[in-house]
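Work through each task before reading its solution.

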Amino acid sequence: MSIKRMRPDSLLRCMILYVAFIIAVIARATILSAGKRILLLLVASVFASPLAAQIPQAPDSLYEPPSQVLFGGDLTYPPLEWLEDGEAKGFNVELARAVAHKGGSRAEHVLDAWPDTMRALEEGRIDAVPMYYSPERAKKFIFTHAYYYLTHSIYAVPGTRRVSSIDELIGKRVAVEEESFAHQQLRAAALAPQLVLTSNTLTAIETVLNGNAEYAVLTSLAADNLLRQHDWKLERMGAPFWSRGYAFAINKNRPELAEWLQNSLGTVIADGTYQALYQEWQNELEPVQTSRKWLNFFFTGFVILLVVVVLGGVWYWSLKRTVELRTQELRNALHERDAIEEELRRVANIDSLTGLAKLPYFIDQLDDYFHAHQLPVKQEKELLVIKLIDLDVIVRTLGFSRAEMIVSVFAAHLLKMDDVLASYLGRGVFALFLNKERGSNSNALVLFDQLYADLADSDPGFTSQFVGGSAYWPEHGRSASKLMRHAETALAMSEARRRRWLAYEPSMEPSRVDLDIISIFIDGNVQGLFPVFQPQLDLRTGKILSAEILVRWQHPRLGLVPPNVFIPLLENSGLIEQVTEQMIDDAVRVAVLLRKRGLPCCISVNIAAYDLIETNLAEIINQALIRYQGVPGDIKLELTETSVASDPQRVKNVLMQLSELGIYAAVDDFGTGYSSLSYLSLFPIRELKIDRSFVGDMLGNPCNHSIVRSTILMARELGLVTVAEGVEDDQTLNLLKKDGCDVAQGYVIARPLPEAEFIEFMRAHAAEIFDISKFMK
């Protein structure tokens, strides 16, 4: 396929269309009244229509559309997809045809048993398959945005013992479609039931009807449709669960097809095609199930009342008996309803893993307390938020079951505490509402010590560490939401400052500018980012053979924002990826431009901890090299010591992967961290950048000069290149050259230059030895 230039309005259109689509999906997937549902759909239409009308309707893509796309699916999965007289039918089938047609292609369908369909997609024999999204499947496939939401339910023959959750299926024989989302979820459970695997949903239902399984876990929509078609008597057990998005899945080796399919789907949603198609299938996708039990009851009561009026005293005793029977039935029905409502309230309010209150219920309880205890305050309260800080590491090393066990054990000890209201917020975070000790800020630390002691006595294998943050009522807020936000702020500050616990202080709040910056990057509408380049002088040859790319930001409203203001904010907020991707793109682009002009220059890019651990950095760099026809020598990475310390094993794997591609790394700000020497043996490092704090005053500070000289000698013994940062005068430059330093970077050579000036700088100095006196400012 030939590569085309991506227009900026393509990204804007995708963002606008998907936000509008999410509003529409919520309107359909949520149990709302007709009036509220229509209102949400109108909001979606009003949002999308005026903006989408200004954007071209044809999907923009980096690739030409394929002539044909082969879609797969389940052989028996109505109303989404099924095979009838050799022809593929269903909502998914018609949507796929509309998407392919809108993208200038043609859709073909192959429906088969679900395990065979999944295998065909993995092996590349099928292009795309609509399915549930899950993190496990995302490791194998590329997913478009979700276009519909479905739930699962537990089914059994009437009279079977009722169950209300997956946990109650342990030890039971449960029919499930092989390689389905439900199969993956049950297979990954710590204590899984006895699974009876089937090739499709219809077979799973028959397995329960035949007595070969006690229960079945199936997609609610397809199972209910098949039960109505065949008039089979299976009933749901409990409320639906596992609400998940349904999207098109594409083989990992077909990113260009995934991009084309996503753009085509966005266009189908924007121009009303999806809405029209959904209206055609609405009766199948949203079946109305009306129970006639109560209508029959009231009709019978009306007939009885009429008979009583007509016959009077003749039917008195018969009526009395009938009323007694009906009253007992009603009493039983009300009792059953109350039991069901109580179970639903418990499921809605209590976390099944920990037995603690869920956050919304916890907040309601706090607000009820605050309303009941107005001024004067007789007892101050403390809201303490605790986080198991190494839970993610436990998941990666020991698995989810071990992490869940640790969370459960920790919660069990919280439940034993007197006069404490506790909640589980998820991801190893707990909230406690307890009395504040008068005149003391160490209440939390005493509690921490007690928890550590109790956990050590009851469970010697408990390995997790925890930190906390507190806010006090009424000092830090009179509402639960405000108090919770302040406690979470204190927790975040405890982590940032590496403290066990901190109490909230107003000074912890971020500035308005900080919030603006984070908001801008969350919205994705970042304007004014541009690169500058600082040349690096090879002290052995006198040539400029490398440079460092640095980001600058001139925002239309905020003005020039210094890097030391917005870079730490983005790193702490997990938003630095946007900056890193742009800098990698610009670095490769400029390096290729210089190399083609006979001015080879390796450009180094600063990489944060988030880039190494949370993103596919190797793929980002590889795509940039492919996009501009670059070579691995066009780019290198600079890693701060704090970034490699966050997850050494993960960082090592990423750096080894990049090293195999020919891209090497340097340790930036060397000497300012705590484990510098260990990095040199653990990671594939080829360059050390000596921090400017040592280089800047090495002339007047013999101690710093000794550190610089020792670092150069050590690097030489290890076969590493040394780069000195912050060189600002020719005396320091000459001393570094005398000490054997390889490369220098600083104002004495050049300040960071905009792209055009940097290219001119490289051209002017390509054929001459660098004359330092010529460029002294």
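A polar contact is a pair of N or O atoms within 3.5 Å, where, within protein, one must be able to donate a hydrogen and the other to accept it. The model examined here is a predicted one.

**Exercise 1.** Find where T615 is located, and decide whether T615 is buried or exposed.

*Solution.* Begin with the chain: T615 is found in the loop that runs between α21 (609–614) and α22 (617–628). Next, take the relative accessible area of T615, which is 7%; because buried means under 20%, T615 is buried. Then turn to the side chain of T615, one polar atom of which lies 2.5 Å from the backbone oxygen of D611. Finally, leaving aside residues up to four places away in sequence, T615 touches E577, Y610, I620 and R650.

**Exercise 2.** Describe how helix α15 packs with helix α16.

*Solution.* Helix α15 (residues 400–415) and helix α16 (residues 443–458) pack with their axes 11 Å apart and at an angle of about 120 degrees, which means that α15 is oblique to α16. The contact is made by V409, F410, H413 and L414 on α15, together with L451, D454, L455 and S458 on α16. As for handedness, the crossing of α15 past α16 is right-handed.

Terms used. Residues are numbered from 1 along each chain as its sequence is written. This is a predicted model: local features need pLDDT of at least 70, side-chain atom pairs count only at pLDDT 80 or more; totals for chains, interfaces and linings use all residues. Side-chain values use heavy atoms; hydrogens and water are left out. Helices (H or I, at least four residues) and strands (E, at least two) are DSSP runs, numbered from the N terminus. Buried means under 20% relative accessible area, exposed over 50%, partly exposed in between (1.4 Å probe, protein chains only). Contact means heavy atoms within 4.5 Å. Axes are lines fitted to C-alpha atoms, for helices over the stretch in contact, and angles run from 0 to 180 degrees between N-to-C directions. Angles under 35 degrees count as roughly parallel, over 145 as roughly antiparallel, 65 to 115 as roughly perpendicular and the rest as oblique. A crossing is left-handed if the near helix is turned anticlockwise from the far one by less than a right angle, and right-handed if clockwise.
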